[in-house]
Amino acid sequence: TILHGIATSADVTAIATYLARTSSSVVAIPMAHLDAWYREIVAAITDASHQSRVVFATSLPNWGGPTDGLTTGSALQTYFSRVPATNRTPGSLRGFMTHQLLTYVTGRIPNQKTPTEFLRMLYGASVIVMDTGL
């Protein structure tokens, strides 16, 4: 197993080449790098046996689509219905979930929507439950 950061597209090519040359190695990619280079990684690593050996850690639910049997949460179903499959990436899911949170919190502020009221609602009056359907 190697931990591989990604700084350029040449790094993505190097990871794809490494996975093609080895049959049992695993490549761990930091989540921030996966997020930034997601489209390039998907384009470069197309063989399923190579893809299965790329690992990363995230708190995000599966952004791939509703066909995997693991994505039944209502927030995710909304994401899948609004975001075309070609635009589903870790970054788009993170942005969508952030928007959902901000919409929920600001919608509960009764009076003026000031920074103070926002912080009070976010930290003092809100209970946030992540519905991933798991």
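Because the model is predicted, local features are reported at pLDDT of at least 70 and side-chain atom pairs at pLDDT 80 or more, while totals for chains, interfaces and linings use all residues. Residues are numbered from 1 along each chain as its sequence is written, and side-chain values use heavy atoms, with hydrogens and water left out.

The chain holds six helices and three strands. Both kinds of element are DSSP runs, numbered from the N terminus: helices are H or I runs of at least four residues, and strands are E runs of at least two. Along the sequence, the pattern reads β-α-β-α-α-β-α-α-α. The chain has 134 residues, and 31% of them are buried. Buried means under 20% relative accessible area, exposed means over 50%, and partly exposed lies in between (1.4 Å probe, protein chains only). A contact means heavy atoms within 4.5 Å. Among contacts in the chain with a separation of 6 or more, 56% join residues 24 or more positions apart.

Helix α2 spans residues 31–44 and has a kink of about 80°, centred on Trp37. The bend at a residue is the angle between two fitted axes, one for the seven residues ending there and one for the seven starting there. Trp37 is also buried, as are Met31, Leu34, Tyr38 and Ile41 of α2. An α-helix has 3.6 residues a turn, so residues three or four places apart point the same way. The cover over the buried residues of α2 includes α1 (9–21) and α5 (90–107).

The packing of α2 on α5 was examined next. Their axes are 8 Å apart and the packing angle is about 105°. Axes are lines fitted to C-alpha atoms, for helices over the stretch in contact, and angles run from 0 to 180 degrees between N-to-C directions. The angle makes α2 roughly perpendicular to α5. Angles of 65 to 115 degrees count as roughly perpendicular, under 35 as roughly parallel, over 145 as roughly antiparallel, and the rest as oblique. On the α2 side, the contact involves Met31, Leu34, Asp35 and Tyr38; on the α5 side, Pro90, Gly91 and Arg94. By class, four residues of this contact are nonpolar, one is polar and two are charged. Ala, Val, Leu, Ile, Met, Phe, Trp, Tyr, Cys and Pro count as nonpolar; Asp, Glu, Lys and Arg count as charged; the others, Gly among them, count as polar.

Helix α5 also meets α4 (residues 74–82). The axes of α4 and α5 come within 11 Å and cross at roughly 120°. These two helices are therefore oblique to each other. In this contact, Ala75, Leu76, Thr78, Tyr79 and Arg82 of α4 meet Ser92, Leu93, Phe96, Met97 and Gln100 of α5. Six of the contact residues are nonpolar, three are polar and one is charged. Tyr79 lies in α4 and is buried, because its relative accessible area is 0%. The C-alpha atoms of Tyr79 and Phe96 are 7.0 Å apart, although 17 residues separate them along the chain.

A further partner of α5 is helix α6 (residues 115–124). Their axes come within 9 Å and cross at roughly 105°. So α5 and α6 are roughly perpendicular to each other. Leu101, Leu102, Val105 and Thr106 of α5 make the contact with Phe118, Met121 and Leu122 of α6. Six of these residues are nonpolar, one is polar and none is charged.

His50 sits in helix α3 (residues 48–51). With 17% relative accessibility, His50 counts as buried. Leaving aside residues up to four places away in sequence, His50 touches Leu19, Ala20 and Ile45. Arg21 belongs to helix α1 and is exposed, with a relative accessible area of 66%. Between the C-alpha atoms of Arg21 and His50 the distance is 9.9 Å, and the two residues are 29 residues apart along the chain. Ala7 is in the loop between β1 (2–3) and α1. Ala7 is exposed, with a relative accessible area of 61%.
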